[in-house]
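Please look over the sequence and the model before reading on.

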Amino acid sequence: MSDPGAAGTAFTRVEGEPLIIVAAGGTGGHLFPAEALAVALKARGAVVDLATDERAFRYGGSFPARATHMIPSATLRGRDPKALVSAVSVLGRGIFQAYRLFGRERPRAVVGFGGYPTLPPVLGATLRGIPTIIHEQNGVAGRANRLLASRVTAIATGFPSIFGHDPRLAAKSTHTGNPIRPAVVEAAATPYPGPTEPFRILVFGGSQGARIMADIVPPALDLVPVVVRSRLQVVQQAREEDLFSVQEAYGRMNIPAEVKPFFRDLPARIAAANLVIGRAGASTVAELAAIGRPAILVPLPHALDQDQMANAGMLEKAGGAIRIKQAAFSPERLAAEIARLATDPATLPAMATAARGIGVLDAA
């Protein structure tokens, strides 16, 4: 890994191999599609570097890149003048470091995947005259991508018509879908589980969703009819502090359950599920659609851009998901939905087919 601020840092590559810089922030929603693109580019003979901020720098060792460059970044939020001046200063320093790095490494293109950590690399590339692309994973454009959209060479989107309100931006936009990891493509080959098998529910919510899932899902399953509960098997992501209470609840109900803080094989778990309950991040929705699994989605309620609400709406409109606002996400409501779905043999397979209908396997 490298810090572009270090004088003389340079990496060799074979003559003629194009270098592509992918810029992504410190969340899975940005890093997963960037990783998928990196794999696809390397398969086509390109060299790939990752530009990111300090939050994701620690993941650089597992990212399929020749090198990881840490470029300073900051979030522009609030109205505190001191905080805004500080953020602008950090962003300015990041743009300068990116400009200097690209002058040395001469990438063929720079691709940004949203979030404020992409601002310095993409703006540094535009100042160098290097072709730039941004990818918007969500059903509504985020603030960083809105700032960059008019300045970049091209725009790729996970959902159609994201920039349709502006003819200039629409003209350089292409609906590609969201790049998905190879493990997701592999899982997409798994047929939807048959009706004679156990009814498998997968529950996950990420760092901002696992708590409410721990609070709501176990008591909901305690309310479903015994004829449904006797068929259930559960795989649930839970925070360390919730592991015991969630496991104890399922044990008391005699529901076979695997409860862990993290599942490394999540795409395979999605493929094995009859029903997924989770948040509505862009990568989650893209993977549900690619694999083709029905879901009950509870969008994160406090996001400034309401991106998860839009993402869940896209899958709901297609017929592949039920969207429930967090304020309405109660054990009683969830129990009613699960009981209805589990006792109707036609609905869940139809939802799986509908979800798969908007999935894109070759977005990368």
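Is the crossing of H8 and H14 right-handed or left-handed? The crossing of these two helices is right-handed. The model discussed here is a predicted one.

## Helices H8 and H14

Helix H8 covers residues 210–223 and helix H14 covers residues 331–342. Their axes come within 8 Å and cross at roughly 55°. H8 and H14 are therefore oblique to each other.

On the H8 side, the contact is made by Ile216, Val217, Pro219, Ala220, Leu221 and Leu223. H14 contributes Pro331, Glu332, Leu334, Ala335 and Ile338. Sorted by class, this contact of H8 with H14 has 10 nonpolar residues, no polar ones and one charged residue.

## Helices H8 and H10

H8 also packs with helix H10, which spans residues 243–252. The angle here is about 5°, and the axes are 10 Å apart. H8 is therefore roughly parallel to H10, because an angle under 35 degrees counts as such.

The residues of H8 that meet H10 are Ala214, Val217, Pro218, Leu221 and Asp222. Their partners in H10 are Val246, Ala249, Tyr250 and Arg252. The contact of H8 with H10 has seven nonpolar, no polar and two charged residues. Val217 and Leu221 of H8 take part in the contact with H10 and also in the contact with H14.

## Helices H3 and H4

Helix H3 (residues 81–105) packs with helix H4 (residues 119–128) at an angle of about 50°. The axes of H3 and H4 are 8 Å apart. That angle makes H3 oblique to H4. H3 passes H4 in a right-handed crossing.

From H3, the residues in this contact are Leu91, Gly94, Ile95, Ala98, Tyr99, Arg100, Phe102 and Gly103. They meet Leu119, Pro120, Pro121, Leu123, Gly124, Ala125, Leu127 and Arg128 in H4. The residues of the contact between H3 and H4 divide into 11 nonpolar, three polar and two charged.

## The two domains

The domain assignment of the chain gives domain 1 as residues 19–179 and domain 2 as residues 184–357. Taken over C-alpha atoms, the centres of domain 1 and domain 2 are separated by 31 Å. Domain 1 puts 14 residues into the contact, and domain 2 puts in 12 residues.

How much area do domain 1 and domain 2 bury between them? The value is about 940 Å², with 60% of it on carbon and sulfur atoms. In domain 1, the residues that lose the most area to domain 2 are Asn138, Val140 and Phe159. Together, Asn138, Val140 and Phe159 account for 43% of what the domain 1 side buries.

Terms used:
Residues numbered from 1 in each chain as written. Predicted model: local features only at pLDDT ≥ 70, side-chain atom pairs only at ≥ 80, totals over all residues. Heavy atoms only, no water. Axes fitted to C-alpha atoms, helices over the stretch in contact; angles between N-to-C directions. Helix = DSSP H or I, 4+ residues; strand = E, 2+ residues; numbered from the N terminus. Parallel < 35°, antiparallel > 145°, perpendicular 65-115°, else oblique. Left-handed = near helix turned anticlockwise from the far one by under 90°. Contact = heavy atoms within 4.5 Å. Nonpolar A, V, L, I, M, F, W, Y, C, P; charged D, E, K, R; others polar. Domains from an automatic or database assignment. Buried area = accessible area lost by both parts, 1.4 Å probe.
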